[in-house]
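I opened the model to look up ligand contacts, aromatic pairs and a few backbone angles. My entries follow in the order of the search.

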Amino acid sequence: MRILVTGGAGFIGSNFVHYIYRERPDWHITVIDKLTYAGNEANLNGLDSSRYAFIKGDICDQETIDAAVSDCDAVIHFAAESHNDNSLHSPWPFVNTNIIGTYQILEAVRKHSKRLHHISTDEVYGDLELDDPNKFTDQTPYNPSSPYSSTKAGSDMLVRAWVRSFCVQATISNCSNNYGPFQHVEKFIPRQVTEILEGRKPKLYGTGENVRDWIHTEDHSSGVLAILEKGKIGETYLIGANGEENNKTVIEMILEIMGKDKNGYDHVNDRPGHDLRYAIDASKLRDELAWKPKYTDFRSGLEATIEWYKENEEWWKPQKNETEEKYKQIGR
Ligand code: NAD
Ligand code: DAU
């Protein structure tokens with residue numbers, strides 16, 4: 001099996017590559033990544049060139065994608081612009097990569113008759129009230145809020161249309177908020193941990209009542225592998241590990257684990273259009289494909305993640321100043 005992983009130098013893509021490298025020793029993995037500010041080839045250090053290759057390239061570039069796709073059996077498509085805050089002040093890269101890039105991949109898999117698994121997000125479903133007893137399922141209507149989530153919704157719709165109109169052999173997964181090693185310091189958990197490591201206070205948007213459904217990135221990887229190997233073509237699977245926590249609780253937990261006063265954080269301006277709550281019902285993936293998450297205790301997964309950031313300062317330091325400069329400009 002030869003797989004092509006788009007966005008494999010980013011957070012979730014690189015964790016997936018390491019997971020597959022361990023779990024499927026007879027597979028060959030090619031990564032294609034543009035190495036934007038969010039990509040880092042060093043995330044893929046330690047892989048043997050007999051089983052792994054790297055292409056620096058843009059998924060929006062038709063010729064590059066056509067050649068890479070023709071040379072593999074299956075494409076796992078992670079590449080995206082992924083940060084909501086960025087999408088709110090600069091939406092174009094999101095429209096370009098998330099929609100045009102996905103279009104180019106669909107055209108290439110159609111032309112070369114290759115299997116595709118498309119990585120998406122729970123944010124396409126909009127948000128839930130705090131007391132809503134229902135969680136997102138694959139039947140929940142799409143209702144995205146931000147330029148980021150609307151472009152991910154658009155990419156999902158393209159995949160569905162290519163399956164129906166052209167019989168492209170594709171599946172889709174919509175996962176909740178990931179945490180773990182190699183996550184860019186712009187995102188919530190790494191930002192707070194590295195703020196504390198830099199001697200500053202964590203930053204909570206608004207009141208902090210917003211709920212995210214946390215899943216360890218390794219559980220995301222195992223879910224994707226289950227779908228790739230056992231999923232039904234044309235189906236959408238939601239991936240989540242029942243990890244709902246509000247942001248205030250998570251910040252307090254991080255402070256406490258790092259030996260600080262749990263009230264030692266700042267309130268900053270809220271994100272415009274900030275989604276209130278995400279929650280995933282993953283029973284289709286659990287029941288039909290016998291998947292189950294390994295990291296069911298959020299606190300211990302968080303402790304391990306904090307430890308990783310403590311031990312890998314040389315990895316996150318180069319991103320830190322530029323990221324905080326961007327936040328300063330938008331008042332968060
Ligand atoms: P990330 O921003 O860390 O990584 C994205 C990667 O894609 C980077 O390596 C970047 O260089 C690459 N990339 C961006 N534009 C590209 C282009 N035009 N051509 C080639 N490569 C390009 O993102 P992430 O958090 O790892 O998310 C990966 C995927 O998972 C995305 O599709 C995202 O929507 C989805 N997702 C993320 C989460 C989460 O919690 N982070 C949850 C559910 C789904
Ligand atoms: O739900 C899946 C999505 O999760 C993915 O599709 C996105 O790619 C990923 O970035 C993530 O989106 P969020 O917007 O939920 O993640 P973020 O880490 O930006 O923020 C998580 C929550 O924390 C959100 O409610 C905003 C809040 N927040 C964020 C930052 C950066 C803060 O309170 N303070 C902060 O400094």
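**Ligand 2.** I took a polar contact as a pair of N or O atoms within 3.5 Å; within protein, one must be able to donate a hydrogen and the other to accept it, and residues adjacent in sequence count only if both atoms are side-chain atoms. By that rule I looked at Asn 247: an N or O atom of its side chain is 2.8 Å from an oxygen atom of ligand 2. I found Gln 192 there too, with a side-chain N or O atom 3.1 Å from an oxygen atom of ligand 2. Ser 82 uses its backbone instead: a polar backbone atom is 2.8 Å from an oxygen atom of ligand 2. Taken alone, ligand 2 exposes 690 Å², and the protein buries 94% of that. I used Shrake-Rupley accessible areas with a 1.4 Å probe; for residues, only the protein chains shown count as cover.

The model is predicted: local features need pLDDT of at least 70, side-chain atom pairs count only at pLDDT 80 or more, and totals for chains, interfaces and linings use all residues. Residues are numbered from 1 along each chain as its sequence is written, chains are lettered from A and ligands numbered from 1 in the order in which they are written, and side-chain values use heavy atoms, with hydrogens and water left out.

Next I listed the shell, where a residue is near if one of its heavy atoms lies within 4 Å. I got 24 residues around ligand 2; the closest are Thr 121, Asp 122, Tyr 148, Arg 271 and His 274. Six are nonpolar, ten polar and eight charged. I counted Ala, Val, Leu, Ile, Met, Phe, Trp, Tyr, Cys and Pro as nonpolar, Asp, Glu, Lys and Arg as charged, and the others, Gly among them, as polar. Helix α6 (188-197) and strand β8 (203-205) each supply at least two residues of this shell. Helices (H or I, at least four residues) and strands (E, at least two) are DSSP runs, numbered from the N terminus.

**Ligand 1.** Here I found 28 surrounding residues; the closest are Ile 12, Asp 33, Ser 82, Tyr 148 and Lys 152. They divide into twelve nonpolar, twelve polar and four charged. A side-chain N or O atom of Asp 33 is at 2.6 Å. A backbone N or O atom of Thr 36 is at 3.0 Å. A polar backbone atom of Leu 35 is at 3.5 Å. Ligand 1 alone exposes 830 Å², of which the protein buries 97%. The elements giving two or more residues to its shell are α1 (11-23), β5 (115-121) and α5 (147-166). β5 gives the largest share, three residues.

**Positive phi.** I stayed with Leu 35. Its phi is near 55°, a positive value in a residue other than glycine. Leu 35 sits in the loop between β2 (28-33) and β3 (52-56). At 25% relative accessible area, Leu 35 is partly exposed (buried is under 20%, exposed over 50%, partly exposed in between; 1.4 Å probe, protein chains only). Phe 182 also has a positive phi, near 70°. I placed Phe 182 in the loop between β7 and α6. Phe 182 counts as buried, at 17%. Gln 183 lies in the loop between β7 and α6 and is buried at 8%. The Gln 183 side chain reaches the backbone oxygen of Asn 178 at 3.5 Å.

**Aromatics.** How many aromatic pairs does a search of the whole structure find? I got 16. Rings of Phe, Tyr and Trp (its six-membered ring) pair if their centres lie within 6.5 Å; planes under 30 degrees apart count as stacked, over 60 as edge-to-face and the rest as tilted. Tyr 179 and Trp 214 are edge-to-face, 6.5 Å centre to centre with 75° between the planes. Tyr 179 lies in strand β7 (178-179) and Trp 214 in the loop between β9 (211-213) and β10 (215-216), so the pair ties together parts 35 residues apart in sequence. Tyr 179 is buried at 1%, and Trp 214 is buried at 5%. Tyr 179 also pairs edge-to-face with Phe 298, at 5.2 Å and 80°. Phe 298 is in helix α10 (298-311), 119 residues from Tyr 179. Phe 298 is buried at 8%. I noted one cluster of Tyr 125, Phe 136, Tyr 142 and Tyr 278.
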